[in-house]
Amino acid sequence: MKKPVLFIILNLVVIITLSIVQVVAANSISTTGIELGKIQDQTLAIQKKNEVLKEQVLTLSSLTSISSRAASMGFVEGKSTLVISQPLPLARR
Amino acid sequence: MMTWRYRFVLLSFVFAFLIISLRLFYWQGVKAMELSARGQSQYGQAIKLDPVRGEIRTSDEFPIAANKLTYQVFANPKEVKNSQKTIDLLAPILDEEPASLSALLSLDRFWVALKSHIDTDTKTSIQKLDLPGIGFDDKSVRFYPEASIGAKLLGFVGKDNEGNDTGYFGLEGYYDRQLRGKEGIAKQVHDALGRPILAKVNSASGEINGRSLNLHINRVLQYVLENELKTGIEVNGAAGAMAAMMDPKTGGILALASYPTFDPRSYYDFTDTEYKDSFITDTYEPGSTFKPLVMAAAINEGLVKPETKCTICSGPVSVGGYDIETWNNKYEPNLSMTKVIQESDNTGMVFVSQKLGLDRMIKYINKFGFGQATNIDLQGEVTPNIRPRNDWYPIDLATSSFGQGISVTPIELLTAIGSLANGGKRMEPHVVESIETPDGKKITIPPKVVNQPVSEETAKIMTEILVNAVNKGEAQFARLKGYRIAGKTGTAQIPVAGHYDPTKTIASFVGYGPAEDPRFVMLVVYDRPTRSIYGAETAAPTFFHIARKAMEYFNIASTEEVDDSK
């Protein structure tokens, strides 16, 4: 008769332990939904900010923008290019 | 022995099990899908994900067609507390008439759109006003950092019949299915209050965003080519212009532009004529730029050599009742083949065509790819037909030898001349170098050799003839000093109502360089220039302006000493 009692007690202990674990676990993750929602909002906001910044970077680094800014700053196009294709002599005649 | 009560209980149990089994089958078999969907709707939410269109990037990975966020301002008129104040504050920011805003806010609706496509700054300034009943929807739209540069190449993104974004013309049209992506569904599990919870079923379905295109197009060369072409149109008083530069070794298009053009940001203000890229959609008679191909064919067949003398060049040549003259009505007996190209002598080319004969002429026209699509990856390529053999008359053979009476597209001519720059091998032209999936995997489009119209030896001989034509021909004043460039001018009259109008021409220049190891082959075409009708005085200077900048860009040192005193 002792064996069934021990078995029942063991079962009860396991059930109670698992129930406690479930309550603790459920309690600990009950607020993750709120946190997840916040993280998703933050991700979205950062993504949008990134898109805006990327737009600015692309606009400022475009050749159209750079050339017009260069012109307004007084830069002019080089008309001739010096190509050094062989060593020049030190002195001639 | 079983009593009747025992049997009754047993049968009752069996019957009950049967009923339960049938009911379970009904739920799990017949109604499974419906119940599953109902269950999912109770604990989860399917979110529609709009795909972001893929980018189009130049060879330096700069997106010339990217995406940006824009916003639509909307109002719920029933929630707007002080209409007049709202109108007074919004009208100047949205640049709208107060009367039109007032009309919208007085509608008996829950949602009215006030303005679309506003930028982030405008949205932020409206948000700061904290107006009740005013909200925003965001949308990703095409953004062109380089403004209208490469517009014809890119095409534009418009709407189809169902209001979906669709690419038209150019790359947007040709690669629309790759770029547009696929609408996706994301499943998210949420709690009773609608807050998301961590679960395995939070997932998006497959590849949603569009794939990006990495081009052979070089942003610097495209910018240079477009600016030179714009200047050239003004200087030459031309009705239009087009030009393209290709890497002869790979067929990669380095730059391509045609005018008049359009602005992809406001494509709706333009017409079909301006959308089409005339470099691939228009046909024209190539004139003298066709001569190198006919000469190459004759050299390849061993019929002429650079030093072969023309025996019919002492005066106009009569063919089929027509007199064929030179462009300047000057004649030189015993002209060599090198000088025929140098002087762009029509009678010399008639001599070559007579040596070549009709069958070989048609064979080489086909081998150089005329009358066949080049398969360039842009929407709208046109393929002009080459007349059937039975329709060729002796005069057609003679005129086609100097590029009249035969229609080609500029892209056909560019790839044909490209074969001379590539050891005789003709490459398939391509704008896109690779397609990139959203997760960064690149699918490369390998260069494709279409055929070899002429031998490597012929290509070398022809290159020397063309270098000589640049250095000593009619366009020598414009040539790029210090470099060996192979090239040929073209001045083709335009057929109008059965005859050629001598005052209206297509002026062009085709060439490649540096001759010893070509990095580019380029064709520049002006439509009906008015300052001068000749290719040597209009297209050639533009060609060499672009070539000079290309040489600098490629860091190619000059191979000949430049004496500026000459």
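Reply: Two residues are in contact if their C-beta atoms, placed from the backbone, lie within 7 Å. This is a predicted model, in which local features need pLDDT of at least 70 and side-chain atom pairs count only at pLDDT 80 or more, while totals for chains, interfaces and linings use all residues. Residues are numbered from 1 along each chain as its sequence is written, and chains are lettered from A and ligands numbered from 1 in the order in which they are written.

Chain A brings 18 residues to the contact and chain B brings 20 residues. On the side of chain A that touches chain B, the elements that give two or more residues are α2 (32–60) and α3 (63–72) of chain A, where helices (H or I, at least four residues) and strands (E, at least two) are DSSP runs numbered from the N terminus. The most comes from α2(A), with 12 residues. This side of chain A is made up of 6 nonpolar, 9 polar and 3 charged residues; here Ala, Val, Leu, Ile, Met, Phe, Trp, Tyr, Cys and Pro count as nonpolar, Asp, Glu, Lys and Arg as charged, and the others, Gly among them, as polar.

From there we can turn to the nonpolar cores. A core is a set of buried Ala, Val, Leu, Ile, Met, Phe, Trp, Tyr and Cys residues joined through C-beta atoms within 7 Å, and buried means that 20 or more other C-beta atoms lie within 10 Å of a residue's own (exposed: 12 or fewer; partly exposed: in between). The largest core has 127 residues, of which B:A243, B:A244, B:M295 and B:M522 touch the most other members. Helix α14 (residues 346–367) of chain B supplies the largest share of this core, 9 residues. Beyond its neighbours within four places in sequence, B:M295 is in contact with B:M337, B:I341, B:V352, B:M462 and B:I465. A second, separate core of 9 residues includes B:Y71, B:V73, B:L105 and B:L114.

The backbone of chain B also deserves a careful look. The peptide bond from B:Y259 to B:P260 is cis, with omega near 0°, and B:P260 sits in the loop between β12 (253–259) and α10 (272–275) of chain B. Another cis peptide bond joins B:G513 and B:P514, with omega about -15°. Finally, B:E61 has a phi near 65°, a positive value in a residue other than glycine, and B:E61 counts as exposed because it has 12 C-beta neighbours inside 10 Å.
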